[in-house]
Amino acid sequence: MPLPRRTLLTAALAVSAGALTSPAYASTSASAQRPRNAPDAEALRAAIAGLPNADATAALVRIGGRDGRWRGSSGVHDLESGRAADPMGRFRAGSTTKVVTAATVLHLAAEHRVDLDTPVQRYLPGLFTAAFDPISVRQLLNHTSGIKPGDSFDDPYAHRFDTLPPRQVVASAIAKGPAFTPGTQQQYLNISYTVLGLLIEKVTGHSYATEATRRVLLPAGMRDTYFPGTDPRIRGPHNRGYQRMTAADGTTSLVDVTEWNQADRFAAGDMISTTADLERLLHALFRGRIVPGPQLEEMFTVPADIEGATFSAGLQRMAVGDRVYWFKTGARYGYSTAVAATRDLRRTVVYSVGDTDAKDESSNPVIDRIVTAALK
């Protein structure tokens, strides 16, 4: 699957945030005269104002780090009642799940239960065909595996309550044969992380959700984050998610897509979380409280011999001015999410937007404004 439009594009930094109405809630630790490098509260308030609109129904934003912090939310909990969005509400975190999956694998590597240079075929015998060259665990982590994407439902909305098992998704991908020789290209796809989920289960003898929770979520203090599996609901407080859909007569409307069985996303994108928990993940992870130093370096290492490579283990590198951010985006129907931070945690950014077309490849103006304001 290609990168969703939610990627923190450098081009978004050229977007200017207009002066809009005030959001439903916002706070900042910055004084009236903004200290140098502090979050730009005025730009952030403008970035998320005016919701709901055609692009988003809600926005939840948390800026943190040593430069200062800012919290804001706008939009609605649901279109029917029109009540204010819950700033602490849960949402589908999409591919930010991959950060947790990578950390889980690296934690196992620190325990010498997984060797990053060992072919995954050795851990999962019989899964791959002879058409595939050896694929190291590291190549799965940094998207250089050469596995083609797996099958999905032709009409996802019509099948939103059906279960597509992760192993079936992997089998369909392997049946297509390799896309390229492992380690020679970098192509972002869910499938490598679906395989990593199977690897975690084989090595530990426990479910992916059990190991990811024990090794990452609990140590990071992520008490409001969980993996729903085949449960289509979002448990606990949450804002509703909507998808813009076009009818046969050409008219469009927003359809509630909050309930959706995401089992096929598995270790690549199944997680439900909150902005506060994702901020906790950044701090715990970057401070070395989850993955020890030698293995943590994998999350800040982009393949040097692949032109244009930007992905590391679980993260992606982006330079903004004189700063380098390590980030990950995620998109599930109704919700677009991102986490980003400088390695020294001088600035952290987490947002979740009630995106009305989360899987579209084009740019979302609300997210562009948030990114522009947050990375100033």
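**Entry 1: α6 and α7**

I started with α6 and helix α7 (residues 208–220), which pack at an angle of about 85°, their axes 9 Å apart. That makes α6 roughly perpendicular to α7, a label for angles of 65 to 115 degrees; under 35 is roughly parallel, over 145 roughly antiparallel, and the rest oblique. I noted how the axes are drawn: they are lines fitted to C-alpha atoms, for helices over the stretch in contact, and angles run from 0 to 180 degrees between N-to-C directions.

I then looked up the residues that meet. From α6 come Gly197, Ile200, Glu201 and Thr204, and from α7 come Tyr208, Glu211 and Arg215. Contact here means heavy atoms within 4.5 Å. By class I find two nonpolar, two polar and three charged residues in the contact of α6 with α7. Ala, Val, Leu, Ile, Met, Phe, Trp, Tyr, Cys and Pro count as nonpolar, Asp, Glu, Lys and Arg as charged, and the others, Gly among them, as polar.

**Entry 2: the ground rules**

This is a predicted model, where local features need pLDDT of at least 70 and side-chain atom pairs count only at pLDDT 80 or more, while totals for chains, interfaces and linings use all residues. Residues are numbered from 1 along each chain as its sequence is written, and side-chain values use heavy atoms, with hydrogens and water left out.

**Entry 3: the whole chain**

I counted elements next. The protein chain has 11 helices and 11 strands. These are DSSP runs numbered from the N terminus: helices are H or I with at least four residues, strands are E with at least two. The C-alpha atoms fill a box of roughly 60 × 50 × 35 Å along the principal axes.

Of the 376 residues, 58% count as buried. Buried means under 20% relative accessible area, exposed over 50%, and partly exposed in between, with a 1.4 Å probe and protein chains only. Among contacts with a separation of 6 or more, 71% join residues 24 or more positions apart.

**Entry 4: α5 against α6**

I went back to α6 from its other partner. Helix α5 (residues 166–175) and helix α6 (residues 191–204) pack at an angle of about 130°, with axes 10 Å apart. The two are therefore oblique to each other. On the α5 side I list Pro166, Arg167, Val169, Val170 and Ala173; on the α6 side, Ile191, Thr194, Val195 and Leu198. They divide into seven nonpolar, one polar and one charged.

Leu196 lies in helix α6. At 0% relative accessibility, Leu196 counts as buried. Beyond its neighbours within four places in sequence, Leu196 contacts Thr101, Val105, Val137, Leu140 and Leu141.

Val100 lies in helix α2 (residues 97–110). Val100 is buried, at 0% relative accessibility. With neighbours within four places set aside, its contacts include Tyr208, Ala212, Val216 and Leu217.

Is His77 buried or exposed? I find 14% relative accessibility, so His77 counts as buried. His77 sits in the loop between β3 (70–75) and β4 (91–92). Not counting residues up to four places away, His77 touches Arg83, Ala84, Ala85, His238, Asn239 and Arg240.
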